[in-house]
Amino acid sequence: MPYRAPLADFRLLLDLTGFAEVAATERFADATPETVEAILSEAGKLCENTLAPLNRAGDKTAARLENGVVRTPAGFVEGYRAIASGGWVGISADPAYGGMGLPIALTSCVNDMMGSACLALQLNPLLTQGQIEALEHHASDALKAIYLPKLISGDWNGTMNLTEPQAGSDVGALRTKAEPLGDGSYAITGQKIYITWGDNDTNANVSHLVLARIVGAAAGTKGISLFLVPKIIPDAQGNLGARNSLNVVSLEHKLGLHGSPTAVMQFDAAQGWLVGEENKGMAAMFTMMNNARLAVGMQGVAIAEAATQTAVAYAMGRTQGKTPLGNSAIIDHADVRRMLGQMRSETFAARAIGLACAVAIDMGRATSAPEWQARAALLTPVAKAYGTDIGNEVAYIGVQVHGGMGFIEETGAAQYSRDVRVTSIYEGTNGIQAMDLVARKMMDGGEAAYRLIDEVEAAAEAARSSQPALATAVWNASEALREATEALVGQDLNDRFAGSVAYLRAFARVLGAHYHLQAGLADPARLPLAAFYITRLLPEYAPLLAQTREGAAGLYALTPEALLA
């Protein structure tokens, strides 16, 4: 089925999540209604007409390494050039270096559409956008002048090099070293794995951000620095010169995202330049990672959207048996309608949370208000984990809707499940996101969470006059979330960790219900979907919150021997 950009959802959700406040700030005054509409409609056309046709071919013909050169699937070079020439890579980047300077919320909408159309290709500009942000915040003026115009234009692409064979989430165990060369640059030596778009034939150059330890620096994360290491070394004007001493060892053979080259990178005294301060590399890299976490959450939403569209189209055309409505299309069977209702309502809820997070990031940047910055920090792990969990769950249901045909590759349903699976793993597994939510993001005693819960309850209270049953359900769930948060901040850290995944899902359930209710109030045609979510999915908050009170003792009562039995 051809992909259709969900422009109506974007328009409504930008309104419901407060985008008007973003556009009213001085920083984002250019984000007028006319500009927003033009961005959404033009990006939608690009995704529908140019990128979506590449998705199946990119799955069937993987990126490959030939004689040291990475080749992407047929059509990817042209597809990427369409992205770059349209200015879509630098949509939120600094105008001083060629970017549009538009809000992250708009970038999130565009990335959502690109991810639905062809996620394997969308990963290229996504990682570049994260690197652009990291360099804008931490690089020297000299590095900015050379690299930002090339990255923003899409001539070069950016990567993130953290993981090593012996060091996964424990980044402090890395072994890559940096030795000063005496001219302000460093020789970087080591191996990195899982490097998305680590090399390709779509860009003239690849700009690697690499975590390494300067010789003699402290062990652990405190001794890590961040370096910019180009594939081809440019001069001060950005003209390409000598090939750097780095290479692709191999490309990973992956469950999905076959068109996206994921490289094992070897750096052999490759010349690199320090980004930020010595031994402060993790802080600089986290700028890129936080950008990527929201973006990856929206990738989950993107696949959920594509899987839902495909499943609905199949269910409308597949005839089997008799239904209460007198038709034979399987969409009229109660259980199929239930599955499709879950797919559509979960996708809407996850998209709403992601855009709410993006709006908070934009408001934090535009106003420097601590409350907005705290909200953005709070919502980031929720948007990443819930968005990617829903991407996986909705794609799974999509296969089920197709029945036996879902297990057949030609329908495309299986590709969504394979492609989306990694999103709940990379940029910090979803368990790590949940631990971050209940630990670092609760260092304020839960104040940011309480402010958000207050808004949900106030909106539910206001909705009681027109939708009393739905509004009461949302209010009750949000009050239970408040009480669970109060209990959570009183627990020790490991007890919090034991219930963190359940707490994050319950938080997302409440937020999803809030946005569904507001959508139904804004557009009565959306009330049936809101009622589906609030009556059938929201009630899960109660057993989820019960788990958060259990602590860790019961987990450790499950001995390794018992688990092996």
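These are my notebook entries on what I looked up in this structure, which is a predicted model.

**Entry 1: strand S6**

I began with strand S6, which covers residues 205–214, and asked how many of its residues are buried. Ten of the ten are buried, so I note the strand as largely enclosed by the rest of the structure. I then sorted the residues by the way they point: Asn 205, Ser 207, Leu 209, Leu 211 and Arg 213 point one way from S6, while Val 206, His 208, Val 210, Ala 212 and Ile 214 point the other way, and all are buried. In a regular strand, side chains alternate between the two faces of the sheet.

Next I looked up which strands pair with S6. Strand S3 (residues 156–161) runs parallel to S6 and is joined to it by six bridges; in this pairing I found Thr 159 opposite His 208 of S6. Strand S4 (residues 177–180) also pairs with S6 in the parallel sense, over two bridges, and here Lys 177 has Arg 213 of S6 as its bridge partner. Strand S7 (residues 224–230) pairs with S6 in the antiparallel sense over seven bridges, and I found Val 210 standing opposite Phe 227 of S7.

**Entry 2: helix H12**

I turned to helix H12, residues 430–438, and listed its buried residues as Asn 430, Gln 433, Ala 434, Asp 436, Leu 437 and Val 438. What covers these buried residues? I found that the cover includes helix H8 (281–317), helix H10 (370–402), helix H14 (468–488), helix H15 (493–498) and helix H16 (500–522).

**Entry 3: the largest pocket**

For the largest pocket I noted a volume of about 1,200 Å³. It is lined by 43 residues, and those closest to its centre are Thr 163, Ile 425, Tyr 426, Glu 427 and Gly 428. The elements that give two or more residues to this lining are helix H6 (104–138), strand S5 (185–196), H8, helix H11 (413–420) and H12. I asked which element gives the most to the lining of the largest pocket, and the answer is H8, with five residues. By class, I recorded 22 nonpolar, eleven polar and ten charged residues in the lining of the largest pocket.

**Entry 4: the second largest pocket**

The second largest pocket holds about 960 Å³ of space. Of the 42 residues lining the second largest pocket, I noted Ile 104, Glu 133, His 137, Ile 361 and Arg 365 as the closest to its centre. Two or more residues of this lining come from each of H6, H8, helix H9 (334–367) and H10. In the second largest pocket H6 gives the most to the lining, with ten residues. The lining of the second largest pocket divides by class into 18 nonpolar, 14 polar and ten charged residues.

**Entry 5: cysteines**

I looked for disulfides and found that the structure holds zero of them. I then checked accessibility: Cys 109 counts as buried because its relative accessibility is 0%, and Cys 357 counts as buried at 0% relative accessibility.

With a relative accessibility of 44%, Ala 8 counts as partly exposed, because buried means under 20% and exposed over 50%. I also noted that the C-alpha atoms of Ala 8 and Ala 31, which are 23 residues apart along the chain, are separated by 18 Å.

Asn 111 lies in helix H6 and is buried, with a relative accessible area of 6%. Leaving aside neighbours within four places in sequence, I found Asn 111 in contact with Gln 122 and Gln 129.

Thr 25 sits in the loop between helix H2 (19–23) and helix H3 (33–51), and at 11% relative accessibility Thr 25 counts as buried. Not counting residues up to four places away in sequence, Thr 25 touches Met 363, Ala 366 and Thr 367.

Key:
Residues numbered from 1 in each chain as written. Predicted model: local features only at pLDDT ≥ 70, side-chain atom pairs only at ≥ 80, totals over all residues. Heavy atoms only, no water. Buried < 20%, exposed > 50% of the residue type's maximum accessible area, 1.4 Å probe, protein only. Helix = DSSP H or I, 4+ residues; strand = E, 2+ residues; numbered from the N terminus. Contact = heavy atoms within 4.5 Å. Pairing = 2+ DSSP bridges. 1 Å grid on protein atoms, 1.4 Å probe; cavity = no way out; pocket = protein on both sides within 12 Å on 5 of 7 lines; lining within 4 Å. Points joined across faces, edges and corners; volume = space filled by probe spheres on them. Nonpolar A, V, L, I, M, F, W, Y, C, P; charged D, E, K, R; others polar. Disulfide = S-S within 2.5 Å.
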